[in-house]
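Here are a few notes to get you started with this one. Have the viewer open and follow along point by point.

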Amino acid sequence: MEWYLPITIIPGIGVLIVSTTNQMIAVSEEIREIITSDCTAFSKNIAALKLSQLGKLALATFFLYLSCALYVVSGIFSAFLAMHFLPDLFLIIGTLCLFIAIGFLIAYGFNLIHIRKKQFQNLINYDDKK
């Protein structure tokens, strides 16, 4: 493996980190808005679901940072070590961490749709009662 291979993947991971961080900020703001407004039982339920979502995003971010670090270490070891076992191992572990992060992001996406459906259904039911 060439030393620059794992390092070329880092910009793509950086885009995922920025996107995930922006999602974390947006979800945090939504939770803050729900908590500071008049909280109904439904709102508390939605806030709890969004808090769970925030946890998924935090884990995804952790694994993205970890994969990035492992790719850097893999590239550095590949450039300076004669043996290829260790750099390849860091590359494989970094890729596994990347897939775990993507799994958390996929779960976040599916759960986000579920939460939005609940919110819209509640809004429709509220408008029907007026």
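Is Lys50 buried or exposed, and what is its relative accessible area? Keep that in mind while reading; one thing first, this is a predicted model.

1. Lys50 turns out to be buried, with a relative accessible area of 3%. Its side chain has a charged partner, though: Lys50 makes a salt bridge with Glu30, and the closest N and O atoms are 2.3 Å apart. Lys50 sits in helix 3 and Glu30 in helix 2, so this pair links parts of the chain that are 20 residues apart in sequence.

2. Through shared partners, Glu30, Lys50 and Arg116 end up in one salt-bridge network.

3. How many salt bridges does a search of the whole structure find? Three. Besides the two above, there is one between Glu29 and Arg32, with the closest N and O atoms 2.9 Å apart. Both of these residues lie in helix 2, three residues apart, or about one turn of the helix. Glu29 is partly exposed at 36% relative accessible area, and Arg32 is partly exposed at 41%.

4. Now for the nonpolar side. The largest nonpolar core has twelve residues, including Ile10, Ile13, Ile17, Phe63, Leu64, Cys68 and Leu91. Helix 2 (10-36), helix 3 (41-80) and helix 4 (85-129) are the elements that give two or more residues to this core. Helix 3 supplies the largest share, with five residues. As a general point, nonpolar side chains in soluble globular proteins tend to be buried together.

5. Leaving aside residues up to four places away in sequence, Leu98 touches Ile13, Leu16, Leu64, Ser67 and Tyr71.

Methods:
Residues are numbered from 1 along each chain as its sequence is written. This is a predicted model: local features need pLDDT of at least 70, side-chain atom pairs count only at pLDDT 80 or more; totals for chains, interfaces and linings use all residues. Side-chain values use heavy atoms; hydrogens and water are left out. A nonpolar core is a set of buried Ala, Val, Leu, Ile, Met, Phe, Trp, Tyr and Cys residues joined through side-chain atoms within 4.5 Å. Buried means under 20% relative accessible area, exposed over 50%, partly exposed in between (1.4 Å probe, protein chains only). Helices (H or I, at least four residues) and strands (E, at least two) are DSSP runs, numbered from the N terminus. Contact means heavy atoms within 4.5 Å. A salt bridge is a side-chain nitrogen of Lys or Arg within 4 Å of a carboxyl oxygen of Asp or Glu.
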